[in-house]
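The exercises below concern helix packing, strand pairing, aromatic pairs and backbone angles in one structure. Try each task before reading its solution.

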Amino acid sequence: MEFLPKKKFGFGLMRLPHIDPNDAGSIDLEEAKKMVDLFLAKGFTYFDTAWMYCNFKSEEAVKEILVKRYPRESFTLTSKLHSGFFNSLEDRDKVFYAQLEKTGVEYFDYYLLHGIEDSSYEKYEKFDCFTWIKEKKSSGLIRHMGFSYHGSPELLDKILTKYPDMEMVQLQINYLDWNSPFIRAKECYDVCVKHNKPVVVMEPIKGGTLASVSDEEKAILDTMDPNMSTASWAVRFAASLDNVMMVLSGMSNLEQMENNVSYMEKFQPLKQEEVANLFKVADLIRQNTAIPCTGCSYCTDGCPKHIAIPKYFALYNGDKREAATKGWTINGTYYNQLCEKFGKASDCIECGQCEAMCPQHLTIRKFLKDVANHFE
């Protein structure tokens, strides 16, 4: 298709570098500029943002680190409309035009209905969002349209059958979720192949899970090539899929950018035996991961108790993995330090707001009880 980028690697602007690690909105613009400069210098052009990324500051950062500094034709920009931020027909336009203003562009190269799943699909239908996005494309404010998706393959098939003019689908794909009975990544990918819709991959490293593996897991990767980074295998797995047009990585520092562009600049697809080894690693990771959280932080926006859910889950997972061999870890201390700024896990009032927003469909309220019992 004529709109497919030449290179399969994109810069996801959800995990930009922070000045304050406890404030997702405190973006380190100078570090981010260096990352953008390297990314473009290596011939990559695809940037992906959204309304609520980086505590609603990502789109503003796009203007400073990219739009003000480079010609418009030198990059492509994606943003999205999420169901959590409109409750009327008018709200859709309010968000959209605010996004144009925040980013400083006159049009989006790609625009997506954000995070469609079985529980949110009816809202997109209720407010006629599929017609709305087509109208935005017809007016020239969007060059290409699609949606990001976290639901079942059955619903995905229904949507693509009903709306065949959707041009692309963004899916969570990584070698850990490929055969997952919950995420059902392969099944959703196959639906897109069936409908001839190119796929943009999000969470190829699963929020960092596939960038930091155990010694046993890394030993398998090292048998293939000890010089390749742990994260590189995950990104290359997604990029090796024929129907994938783009793989996004939410990089948080220049070092991560340098590593990713080093192997994606002249991308080499994985061999069949390499894929088989990755599935062996996935089996080991599943045995050792208590909470399969990707750290997207969708759950924290609007939490009435201001609980740092992804941070607590990461500490809990780390402690479960490390304590078996170390006995004592520093994770409990980190937990107490976070509780000085955020609500404790035990402060949860079980309102369920977080679970309604979670793309992984996690039972967050139950897991918070586990965290509280473990650390408190």
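Angles under 35 degrees count as roughly parallel, over 145 as roughly antiparallel, 65 to 115 as roughly perpendicular and the rest as oblique. The model used here is predicted.

**Exercise 1. Classify the packing of helix 4 against helix 6, and list the residues that make the contact.**

Solution. Two packed helices are described by the angle between their axes and the distance between the axes. Helix 4 spans residues 89–103 and helix 6 spans residues 129–138; their axes lie 12 Å apart, at an angle of about 40°. Helix 4 and helix 6 are therefore oblique to each other. As to handedness, the crossing of helix 4 past helix 6 is right-handed. On the helix 4 side the contact is made by R92, D93, F96 and Y97, and on the helix 6 side by C129, W132 and K136. Sorted by class, the residues of this contact of helix 4 with helix 6 are four nonpolar, three charged and no polar.

**Exercise 2. Describe the packing of helix 3 on helix 4 and the make-up of the contact.**

Solution. Start with the geometry: helix 3 (residues 58–67) packs on helix 4 with the axes 7 Å apart and an angle of about 35°. Next, the residues: from helix 3 come E59, E60, V62, K63 and V67, which meet Q99, E101, K102 and T103 of helix 4. Last, the classes: the contact of helix 3 with helix 4 has five charged, two polar and two nonpolar residues.

**Exercise 3. Find what kind of aromatic pair F96 and Y111 form, and which elements it ties together.**

Solution. The structure holds 28 aromatic pairs. One of them, F96 with Y111, has 5.0 Å from centre to centre and 75° between the planes, and is edge-to-face. F96 belongs to helix 4 and Y111 to strand 4, so the pair ties together parts 15 residues apart in sequence.

**Exercise 4. Classify the packing of helix 9 against helix 12.**

Solution. The axes of helix 9 (residues 215–222) and helix 12 (residues 272–288) come within 9 Å and cross at roughly 175°. Helix 9 is therefore roughly antiparallel to helix 12. E216, E217, I220 and L221 of helix 9 meet N277, L278, K280, V281, L284, I285 and N288 of helix 12. The contact of helix 9 with helix 12 comprises six nonpolar, three charged and two polar residues.

**Exercise 5. Locate R184 and K206, and give the phi of each.**

Solution. Most residues other than glycine have a negative phi. R184 has a positive phi, near 55°, and sits in the loop between strand 6 (168–172) and helix 8 (185–194). K206 also has a positive phi, of about 55°; its loop runs between strand 7 (199–202) and helix 9.

Technical notes. Residues are numbered from 1 along each chain as its sequence is written. This is a predicted model: local features need pLDDT of at least 70, side-chain atom pairs count only at pLDDT 80 or more; totals for chains, interfaces and linings use all residues. Side-chain values use heavy atoms; hydrogens and water are left out. Axes are lines fitted to C-alpha atoms, for helices over the stretch in contact, and angles run from 0 to 180 degrees between N-to-C directions. Helices (H or I, at least four residues) and strands (E, at least two) are DSSP runs, numbered from the N terminus. A crossing is left-handed if the near helix is turned anticlockwise from the far one by less than a right angle, and right-handed if clockwise. Contact means heavy atoms within 4.5 Å. Ala, Val, Leu, Ile, Met, Phe, Trp, Tyr, Cys and Pro count as nonpolar, Asp, Glu, Lys and Arg as charged, and the others, Gly among them, as polar. Rings of Phe, Tyr and Trp (its six-membered ring) pair if their centres lie within 6.5 Å; planes under 30 degrees apart count as stacked, over 60 as edge-to-face and the rest as tilted.
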